[in-house]
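Biologist: Please take a close look at the charged side chains in this model. I would like to know where they sit, which of them pair up, and what surrounds them.

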Amino acid sequence: PLPGGTEMIVVRFKITCQPEKAEQALAVMHGVVSPSRALDGVVHFDIGRDIVDPDSIIATEVFDDAAALERQDALPEVAKVMAALPGLVAAAPEATLFHVSSSEPLD
C-alpha cells in the first residue's frame with residue numbers, strides 16, 4: 001500500500017494521427033516531456049509510438065496524486081499540445097485515468 005492511504009494516478013492518453021502527421025505530433029509532444037518529468041509528484045512521464053500502428057502515439061503518465069496531475073495539466077506546454085491536436089488527429093483522443101492503491105517492482 002502507498003503511505004498515508006493515498007492513491008497514485010496513472011493516465012493512458014492515446015491519439016491516432018491523420019496519415020502523414022505522426023511525426024509532427026511527436027515533435028509537438030516532445031516539448032512537454034522534460035517539463036512534465038521535472039515536476040514534483042511526477043513519477044513517470046513517457047510518450048511513444050505504437051509499434052503496430054505508427055500513426056498512434058501513447059502517453060503513459062504516473063503521478064503521486066491528483067495534485068501532481070493538476071500541476072502537469074497546468075503546464076503551458078500541455079496547452080500547446082492540446083491546441084495542436086485538432087489539426088493532427090484522425091479521431092478524438094482516448095484517455096483513461098487509473099487510481100492505483102499499491103505498486104511494487106515487477107521482478
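Modeller: The answer starts with the chain as a whole, then takes the charged side chains in turn and ends with the nonpolar core.

This is a predicted model, in which local features need pLDDT of at least 70 and side-chain atom pairs count only at pLDDT 80 or more, while totals for chains, interfaces and linings use all residues. Residues are numbered from 1 along each chain as its sequence is written, and side-chain values use heavy atoms, with hydrogens and water left out.

The protein chain has three helices and four strands, where helices (H or I, at least four residues) and strands (E, at least two) are DSSP runs numbered from the N terminus. Read from that end, the order of the elements is β-α-β-β-α-α-β. Its C-alpha atoms fill a box of roughly 45 × 30 × 20 Å along the principal axes. Of its 107 residues, 32% are buried; buried is under 20% relative accessible area, exposed is over 50%, and partly exposed lies in between (1.4 Å probe, protein chains only). The accessible surface is about 6,600 Å², and carbon and sulfur atoms account for 58% of that. These areas come from the Shrake-Rupley method with a 1.4 Å probe, and for residues only the protein chains shown count as cover.

Now the charges. The protein chain carries 7 positive and 17 negative side chains, and the centres of the two sets lie 8 Å apart. Lys and Arg count as positive, Asp and Glu as negative, and His and the chain ends are left out. Each charge is placed at NZ of Lys, CZ of Arg, CG of Asp or CD of Glu.

Side chains of opposite charge can pair when their charged atoms come close. The structure holds three salt bridges, a salt bridge being a side-chain nitrogen of Lys or Arg within 4 Å of a carboxyl oxygen of Asp or Glu. One of them joins R12 and E94, at 3.7 Å from N to O. R12 is in strand β1 and E94 in strand β4 (residues 94-100), so this pair ties together parts that are 82 residues apart in sequence. R12 is partly exposed, at 29% relative accessible area, and E94 is also partly exposed, at 42%. A second bridge links R49 with E23, at 2.8 Å from N to O. R49 belongs to strand β2 and E23 to helix α1, so the parts tied together here are 26 residues apart in sequence. R49 is partly exposed at 34%, whereas E23 is exposed at 53%. In the remaining bridge, between R37 and D46, the closest N and O atoms are 3.1 Å apart. R37 is partly exposed at 48%, and D46 is partly exposed at 38%.

Two charged residues are buried without a salt bridge. K14, in strand β1 (residues 8-16), is one of them: the nearest side chain of opposite charge, D50, is 4.2 Å away. Apart from neighbours within four places in sequence, K14 is in contact (heavy atoms within 4.5 Å) with D50, S56, I57, I58, P93 and E94. The other is E61, in strand β3, with R12 as the nearest side chain of opposite charge at 10 Å. Under the same exclusion, E61 contacts I9, V10, V11, F13, H44, F45 and Q72.

E20 is another matter. E20 sits in the loop between β1 and α1 and is exposed, at 79% relative accessible area. E20 has a positive phi of about 75° although it is not a glycine. Most residues other than glycine have a negative phi.

Last, the nonpolar core. The largest one has 23 residues, and I15, C17, A25, I57, F63 and L85 have the most contacts inside it. The elements giving two or more residues to this core are β1, α1 (22-38), β2 (42-49), β3 (56-63), α2 (66-73) and α3 (76-84). Helix α1 gives the most, with five. A nonpolar core here is a set of buried Ala, Val, Leu, Ile, Met, Phe, Trp, Tyr and Cys residues joined through side-chain atoms within 4.5 Å. Not counting residues up to four places away in sequence, C17 touches A22, A25, D55, I57, L88, V89 and A90. I57 is thus a contact of C17 and also a contact of the buried K14.
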